Amino acid sequence: MDLKELYRDVILDHNKRPRNFGRLDPSDAHADGHNPLCGDRLSVFVRMDGERVEDVRFEGKGCAISTASASLMTEAVKGKDKAVIGALFHKVHSLLTQQDAVPGAELGKLAALSGVREFPARVKCASLCWHTLNAALDKGASTVSTE
Amino acid sequence: MAAIASKARPETALDADRVRKDFPILERTINGRPLVYLDSAASSQRPLAVLRAIEDYETHSHANVHRGVHALSQAATEAFEGARERVRRFINARSSREIIFVRGTTEGINLVAQSYARPRLKAGDEILITALEHHANIVPWQMVCEQTGATLKVAPIDRRGELLYDEFLKLLSPRTRIVAVAHVSNALGTVLPVKRIIDAAHAQGAVVLVDGAQAIPHSSVDVRALGCDFYTFSSHKIYGPTGIGVLYGREELLAAMPPWQGGGDMILTVSFEKTTYNELPWKFEAGTPNISGAVGLAAAMDYVEGLGVEAIAAHEQRLLTLATAELQRIPGIQIIGTAPHKAAVLSFTMEGVHPHDLGTILDTEGIAVRTGHHCAMPVMTFFGIPATARASFGVYNTERDVASLVAGLQKVREVFG
């Protein structure tokens with residue numbers, strides 16, 4: 001297990017200076033995510049233009065992995081269609097859980113999360129924001145949980 | 001005996017290096033580093049004496065208890081009931097009828113909540129707990145309140161993590177039917193003034209349950225000297241196996257309580273018209289019990305008394321004092337729980353680093369600490385933090401472990417800058 005693989009400079013940077021951090025006002029939908037195991041909480045806000053995510057922001061308190069993952073996610077999904085975001089989530093999930101997954105170019109900076117898979121206890125930290133974003137896009141459940 | 005002897009010779013220091021040889025798991029490495037186990041408050045490790053007692057029982061003496069006339073059933077019954085007597089002596093209960101084997105502290109509290117509290121409480125009655133309780137000493141009472149209409153009251157703590165005793169007294173009234181308190185806080189290490197709490201509660205006619213999960217490995221517990229009505233703890237916090245624990249209850253209270261679960265072993269006669277329940281303590285032990293668990297717990301108590309409860313407590317206090325001083329010298333570390341009277345539990349946060357990240361980095365160094373809310377979310381809320389890292393010390397920890405923790409925390413600082 002290589003600590004440098006987990007805490008890459010990109011991760012540490014996005015943890016220290018999270019992008020798109022704060023409430024989005026006005027927004028079309030938001031959802032709250034909670035990881036009861038470690039107490040991480042975050043909210044994701046979206047403003048839609050049809051099927052396209054026009055703007056997205058998040059706020060909350062969490063570990064470096066969860067904060068950086070949410071920050072990277074907001075950068076990656078802004079301006080994209082829901083269908084594209086769904087496919088991206090699928091790729092991120094593979095990256096986080098499958099040992100042999102090779103990050104494709106479409107992941108961009110999200111590839112920095114590949115070190116997480118060496119630390120199974122931390123996968124949920126990285127995926128919480130994505131589940132929360134999905135809930136916001138579905139406008140279904142208002143709170144999602146990693147459990 | 002050992003405890004008395006060590007009281008007479010308080011200078012007798014525990015030889016932790018020799019103790020470590022009794023715990024085979026401490027020889028293993030984690031991520032290529034020697035294991036530094038600082039999570040005994042979550043679950044302690046087991047000495048060879050416990051592992052061998054369990055193996056010996058399973059290899060030579062196992063059958064079901066209280067069932068057969070054959071030799072093995074009698075041997076198993078003797079081992080199981082012998083363990084009960086061992087527990088009675090360890091906590092100085094009056095009678096082994098007052099020792100109920102349960103799965104752990106959680107089950108002990110639930111048993112009292114459902115069998116003692118639920119049939120007696122009604123709207124207008126109150127249950128009083130404190131703000132530093134483990135979820136296991138909160139949720140069972142909330143359930144009883146829902147079932148009976150009783151009200152849960154919570155005595156506050158201060159910023160050091162100490163119970164505000166005067167506020168506790170103000171909340172205590174003739175309406176208070178049950179007081180349920182931790183002996184030692186698992187999240188903060190605070191030792192509560194349980195004797196004073198018990199005396200004050202009794203003066204108002206309330207019955208007192210003490211959650212002893214975190215106290216039992218660090219102190220000699222005498223239930224008669226305390227005067228508590230119920231005391232419950234888990235075996236795996238005191239170097240015994242998981243899946244077994246003890247509920248002590250005063251005999252007159254237990255005798256008046258209905259069984260909690262029905263089944264075999266808890267009955268005298270069964271017909272479809274009427275069943276008569278077994279005597280204490282078996283009335284509360286439906287089904288085949290955790291026999292080898294009880295044997296392991298008894299061996300753990302032998303082990304602890306062999307070293308001397310007071311000697312263990314003194315050793316852990318030295319480590320706590322050392323670790324507290326060392327951590328306070330690291331910039332950005334804040335110790336959560338600074339009561340003057342603490343057990344060997346050290347909760348802390350590091351500025352700019354989430355406890356979860358801290359725990360992962362320490363783990364790569366082979367250091368096991370607990371990170372999270374410690375099943376005490378209201379405590380975290382009180383301090384305005386999502387989680388803490390918690391180092392806890394047991395009989396096998398040494399000054400070297402404290403040094404490893406300090407070095408590990410410096411590594412965390414390096415990673416996070």
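**Notebook: helix α6 and strand β5 of chain B**

I looked up the buried residues of helix α6 (residues 139–148) of chain B and found B:Pro140, B:Trp141 and B:Val144. They span an arc of only 95° around the axis, which places them on the same side of α6(B); the arc is taken from the directions from the helix axis to the C-beta atoms. I counted a residue as buried if 20 or more other C-beta atoms, placed from the backbone, lie within 10 Å of its own.

I note that this is a predicted model, in which local features need pLDDT of at least 70 and side-chain atom pairs count only at pLDDT 80 or more, while totals for chains, interfaces and linings use all residues. Residues are numbered from 1 along each chain as its sequence is written, and chains are lettered from A and ligands numbered from 1 in the order in which they are written. I took helices (H or I, at least four residues) and strands (E, at least two) as DSSP runs, numbered from the N terminus.

I then checked what follows α6(B): B:Gly149, with a positive phi near 85°.

I turned to strand β5 (residues 126–130) of chain B, where five of the five residues are buried, so the strand is largely enclosed by the rest of the structure. B:Glu126, B:Leu128 and B:Thr130 point one way, and B:Ile127 and B:Ile129 the other.

I looked up its pairing (at least two DSSP bridges between two strands). I recorded B:Leu128 opposite B:Lys153 in β6(B) and opposite B:Val179 in β7(B).

Notes:
A residue is buried if 20 or more other C-beta atoms lie within 10 Å of its own, exposed if 12 or fewer, and partly exposed in between; C-beta atoms are placed from the backbone. A crossover is right-handed if, with the strands pointing away from the viewer, the path from the first strand over the helix to the second runs clockwise.
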